[in-house]
Amino acid sequence: MITASHNPIEDNGVKMVEPDGGMLPQAFEPIATELANCSSDEEVASVLRDRVMASAPAATSGAHGAHATAPVARGALTVLVGHDTRPSAPALMAAALAGVHAMGVHAHSCGCVTTPQLHFLVYIANHPTGSPAAAVPAAQAAAPATGPVSPPLQSYYDTIVGAFLTLMEEHQQQQQQQQQQQQQPPAGSSSSSSTTTAAISTSPADTVYVDCANGVGAAQLQPLVPALAGVGIRLQLRNTGLGAAAGLLNCKCGADFVQKERLPPSDFADVPAGARCCSVDGDADRLVYFSPAAGSSGGGSGSSGSSSMGLWDGDKVAMLAAVFIRDLMSQLPAELMEGVQVCCVQTAYANGASTAYLRDVLQLPVVCTPTGVKYLHEAAHGADLGLYFESNGHGTVLFSARLRERLAAVAGSHPAARQLLLLSRLINQTVGDAISGLLLVELILRRKGWSLAQWQGLYTDLPSRQLKLKVPDRTSITTADAERVCVSPAGLQEAIDAIVAKVPQGRAFARPSGTEDAVRVYAEAGSQEAADALAREVAQAVYDLAGGVGPRP
Ligand SMILES: CC(=O)N[C@H]1[C@@H](OP(=O)(O)O)O[C@H](CO)[C@@H](O)[C@@H]1O
Ligand SMILES: [Mg+2]
């Protein structure tokens, strides 16, 4: 997948998709780095021969368990390539296709697709009898597993949007039945005329404003607009990157901007305060919800924005999904759920209030992994039901084959089992997916009859602050315990402990970024002022002990 995700338009990047639809195994990372750093064609050829081809079996049995690594004739393989909306995409795509062809392998361009769509397509190309949740229509099931064939993108919509519409229509039928029962005229009176269409309300909450980050999400969300209108949801796509006044990819818009700056994106100045809005990133694998506060204006306006803008980040999406899925599971006979392992995965950036909510209120097992979806995915993958989200909005819910089989066996007699199975189709089973996430959130809010405020009311976030600072060598900071403890430089953790100890409900950590040349500091506390001060003091400790660059924070 040719994309630099949520980063500025001038950045370029690539994400690799494994044959099972998963992410690049961690064992392959050093080899990929070596390949990326080659300075001549000869060096590329030798790294491909000596490192990539030689270590492929070992590398591919990394993060996702054993793959079939029996030798397959290269001519029988196809590499699917997708790209985002960057101006560099056509040239990089041509280079990628030429590179694949040079290896004697078929290459197929899937065009401009979202990263999660490409993961989905790769999965079903290799599992022709079923999608990640056994849901591909029979017509596509005939596709051979190898050779120059790409599954149609329609299979993505059939699976994900199809499951959403089934669940929504069922819900609306139930609502309609309930309304009819309530409105049933007393025996003998004249018949009521209110047996008309489903109870589709047209309240303002039915409009969802979507910030597409001027990225690939705009085109790929377009088919949802008519599909969702059919169940009473009006999607208004903004920052689509189209038209004369189109903004730049990820510039003052997109999920990363909204989550980090806590500001509405550009092109939202006319969106009413309190409206239901969400934002995806440039390759549509992250999703956050937000709601403009009165007086706040879009990121493009130069306004200082409003700190009271409502934000429903990845933690909040995770909690909503956890509440809903736990509810459905509790409707099933205990013996059916016996031995079913549930695992909620977070990183150190998850708000402490969300962790407490999962653990103490929902009573679900929680684990913390280092930052980066590859770690969260791996931890969630081991469970029957693995729920993971980063606070920045990347995450998904994985259903094991074992759980799906159990559910399928009783789906005929237990509506909750059938609904859980449909959820496993609605939720992208390969990676976090903003389109699938949007449908999940909208389904749950509508099924529960919840407003954004009720969703926000599940628990109250502790005030938090993130900072970053530069040091000469960020690798001099090493961490342990899922990056929550600094091991080096000597004395740093002791200093952080002493600072945190003075702050009620204080928690803080510092870690080197994996994607930027910076050290990130996170702090939370009982008040915003305390969280701000805590973050600053921890940043000062890092500056003093790791040799800060520039002015002291
Ligand atoms: C605090 C933060 O948002 N960190 C991000 C960021 O990683 P860093 O290692 O923090 O630079 O980029 C990663 C890749 O997109 C994402 O997985 C992660 O959550
Ligand atoms: Mg992304």
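Predicted model: local features only at pLDDT ≥ 70, side-chain atom pairs only at ≥ 80, totals over all residues.
Strand β15 comprises residues 507–512, and β16 comprises residues 519–524. The two strands run antiparallel and are joined by six bridges. Five of the six residues of β15 are buried, so the strand is largely enclosed by the rest of the structure.

Both strands belong to an open sheet of three strands, ordered β12-β16-β15 and paired in antiparallel fashion. The edges of this sheet are β12 (464–469) and β15; each has a single partner strand, so one side of each is left without a neighbour in the sheet. From one strand to the next, the twist averages 15°.

Which residues are around ligand 1? They are Y349, T371, G372, V373, E390, N392, S513, G514, T515, E516 and R520. By class, this shell divides into two nonpolar, six polar and three charged residues. Domain 2 (314–434) and domain 3 (464–546) each contribute at least three residues to the shell.

### Annotated spans

UniProt, in unreviewed entries, lists "domain: Phosphoacetylglucosamine mutase AMG1" for residues 313–450. The annotation "domain: Alpha-D-phosphohexomutase C-terminal", likewise from an unreviewed UniProt entry, covers residues 491–540. For "domain: Alpha-D-phosphohexomutase alpha/beta/alpha", the unreviewed UniProt entry gives two stretches, residues 1–30 and 74–122. The computed composition and end-to-end C-alpha distance of each span are tabulated below.

| Span | Helix | Strand | Distance between end C-alpha atoms |
|---|---|---|---|
| Residues 1–30 | 7% helix | 0% strand | 19 Å |
| Residues 74–122 | 45% helix | 27% strand | 17 Å |
| Residues 313–450 | 56% helix | 14% strand | 17 Å |
| Residues 491–540 | 46% helix | 24% strand | 13 Å |

### Individual residues

T369 is placed in strand β9, which spans residues 366–369. This residue counts as buried because 21 C-beta neighbours lie inside 10 Å, the threshold being 20 or more. In sequence T369 and V345 are 24 residues apart, while their C-alpha atoms are 7.1 Å apart in space.

Some backbone geometries also deserve mention. Most residues other than glycine have a negative phi, and most peptide bonds are trans. N250 is not a glycine, yet has a positive phi of about 60°. Its location is the loop between β4 (234–238) and α9 (255–261). Q363, also not a glycine, has a positive phi of about 55°. Q363 is found in the loop between α12 (352–361) and β9.

Is each of these two residues buried or exposed? N250 counts as buried, because 26 C-beta neighbours lie inside 10 Å. Q363 is exposed, with 8 other C-beta atoms within 10 Å; the limit for this class is 12 or fewer.

The peptide bond from S488 to P489 is cis, and its omega is near 0°. P489 lies in the loop between β14 (485–488) and α18 (492–501).

Definitions and conventions
Residues numbered from 1 in each chain as written. Chains lettered and ligands numbered in written order. Helix = DSSP H or I, 4+ residues; strand = E, 2+ residues; numbered from the N terminus. Pairing = 2+ DSSP bridges. Axes fitted to C-alpha atoms, helices over the stretch in contact; angles between N-to-C directions. Near = placed C-beta within 6 Å. Nonpolar A, V, L, I, M, F, W, Y, C, P; charged D, E, K, R; others polar. Domains from an automatic or database assignment. UniProt positions renumbered as here; feature names shortened; annotations may be inferred.
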